[in-house]
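Hello,

Here is the structure I promised to pass on. Please have a look, and my notes follow below.

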Amino acid sequence: PFLLPLMLQIGFGLTPFQSGLITFVSAIGAIGMKLVTTRVFRLAGFRRVLVFGSLISAASVAVNGLFTPETPYLVILTILLVGGFLRSMFFTGVNALTYADISAEDTSKATPIAAVGQQLSIALGVAVAGGILEVATTVHGGPLMLADFHAAFFIVAAISALASLSFLRLSPDAGSAVSGHGVRPAKVLESEASS
């Protein structure tokens with residue numbers, strides 16, 4: 001949300017309004033994701049979705065570093081729509097997993113910690129991206145160029161991909177009480193018990 005509008009305005013020469021119309025598509029993908037999230041986590045589980053989701057989300061950030069003014073807008077819009085969908089699924093999973101194994105009485109204590117952690121990660125991402133752009137202008141001694149944005153997208157994506165390492169440490173049944181993954185329906189258990 002920080003790099004792409006800047007790249008579209010500075011690197012592509014679009015107006016802020018045009019840039020906003022393009023980047024808005026990722027929000028549509030994020031909203032559309034809400035329709036399938038429960039099923040995806042129930043089928044695959046938190047661990048698998050978060051490991052692969054973090055890698056795919058990082059790839060969807062990196063692909064922005066391949067955009068040029070010659071890239072057809074339909075291609076950009078499609079990639080942003082899919083990227084918004086995938087990143088939203090990832091963030092929804094992380095947020096749900098935060099509360100999955102917390103008792104009801106501890107939820108009020110976990111909420112501010114989770115909110116602060118999320119805001120810090122967003123601020124850190126913006127700071128890293130801004131720092132990369134600042135270093136780039138210092139190195140070549142001129143104004144921002146399209147290549148500077150491309151490098152920033154690739155570096156931010158590489159850092160984002162590192163999140164998958166922390167999710168690999170999750171138990172395969174992490175968050176199953178919330179997702180229902182691996183939990184057998186009560187009717188099946190009852191019929192097995194009676195036979």
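**Helix packing and the main pocket**

The crossing of helix 4 and helix 5 is right-handed, that is, the near helix is turned clockwise from the far one by less than a right angle. This is a predicted model, in which local features need pLDDT of at least 70, side-chain atom pairs count only at pLDDT 80 or more, and totals for chains, interfaces and linings use all residues. Residues are numbered from 1 along each chain as its sequence is written, and side-chain values use heavy atoms, with hydrogens and water left out.

The axes of helix 4 and helix 5 (lines fitted to C-alpha atoms over the stretch in contact, with angles from 0 to 180 degrees between N-to-C directions) come within 10 Å and cross at roughly 150°. That makes the two helices roughly antiparallel, a label for angles over 145 degrees. Helices here are DSSP runs of H or I with at least four residues, numbered from the N terminus.

Where do they meet? Asn 95, Thr 98 and Tyr 99 of helix 4 touch Thr 107, Ala 110, Thr 111, Ala 114 and Gln 118 of helix 5, with contact meaning heavy atoms within 4.5 Å.

Now to the largest pocket, which holds about 1400 Å³ of space. Its lining has 42 residues, and Pro 1, Arg 87, Phe 91, Ile 122 and Ser 160 lie nearest the centre. (On a 1 Å grid over the protein atoms alone, a pocket is an open set of points where a 1.4 Å probe fits, with protein on both sides within 12 Å along at least five of seven lines; lining residues have an atom within 4 Å of a point. Points are joined across faces, edges and corners, and the volume is the space filled by probe spheres set on them.) Helix 5 contributes the most to this lining, with 11 residues.

Best wishes

Terms used. Parallel < 35°, antiparallel > 145°, perpendicular 65-115°, else oblique.
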